[in-house]
Amino acid sequence: MGLFSLFSQSLAKERYLFFDVETTGLFPLTGDRILELAMIKVENGDIIDKYESMFNPQREISEEITNINGISNEMVKDAPIFSREIGEKIVEFVKDTTLIA
């Protein structure tokens with residue numbers, strides 16, 4: 001059974017971007033940050049591109065969050081900081097796709 005076997009043929013011809021985001025919590029206005037972003041771009045039912053990166057949140061990751069997403073302070077200590085430049089690359093990557101979380 002193919003990835004798009006549940007979709008109609010017309011939908012299967014679209015370009016989709018499946019993504020997952022892990023964070024330090026649910027409240028960015030109080031300092032929660034992105035820890036990891038993974039994306040898979042699919043067109044005509046085929047994976048055509050991927051992106052995955054961890055990010056240093058510049059704050060401690062609580063034990064509770066590590067228990068939820070499995071990401072520890074040690075894992076992100078040398079990761080890049082999420083920046084405007086990274087954000088612009090992500091915007092370009094998702095361009096002309098239908099986003100699916």
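**View 1. The largest nonpolar core of the predicted model.** Seven residues in all, namely Leu17, Leu37, Met39, Phe55, Ile86, Ile90 and Phe93, make up the largest nonpolar core, a nonpolar core being a set of buried Ala, Val, Leu, Ile, Met, Phe, Trp, Tyr and Cys residues joined through side-chain atoms within 4.5 Å. Buried here means under 20% relative accessible area, exposed means over 50%, and partly exposed lies in between (1.4 Å probe, protein chains only). Strand S2 (34–43) and helix H4 (84–94) are the elements that give two or more residues to this core, and H4 provides the largest share, 3 residues; helices (H or I, at least four residues) and strands (E, at least two) are DSSP runs, numbered from the N terminus. A second, separate core of 6 residues includes Ile61, Ile65, Ile71 and Ala79. The model is predicted, so that local features need pLDDT of at least 70 and side-chain atom pairs count only at pLDDT 80 or more, whereas totals for chains, interfaces and linings use all residues. Residues are numbered from 1 along each chain as its sequence is written, and side-chain values use heavy atoms, with hydrogens and water left out.

View 2. The side chains of arginine 15 and glutamate 43 meet in a salt bridge (2.8 Å, N to O), the term standing for a side-chain nitrogen of Lys or Arg within 4 Å of a carboxyl oxygen of Asp or Glu. Because arginine 15 lies in strand S1 and glutamate 43 in strand S2, the pair ties together parts that are 28 residues apart in sequence. Arginine 15 is partly exposed at 28% relative accessible area, and glutamate 43 is partly exposed at 26%.

**View 3. The salt bridge of arginine 59 and aspartate 32.** The side chains of arginine 59 and aspartate 32 meet at 3.1 Å, N to O. This pair links distant parts of the chain, with arginine 59 in the loop between strand S3 (46–54) and helix H2 (63–69) and aspartate 32 in the loop between S1 and S2, 27 residues apart. Arginine 59, with a relative accessible area of 34%, is partly exposed, whereas aspartate 32 counts as buried at 13% relative accessibility.

View 4. Arginine 84 forms a salt bridge with glutamate 88, their closest N and O atoms being 3.2 Å apart. The two residues are separated by about one helical turn, because they are 4 residues apart in helix H4. Arginine 84 is exposed, with a relative accessible area of 69%, while glutamate 88 counts as partly exposed at 47%.
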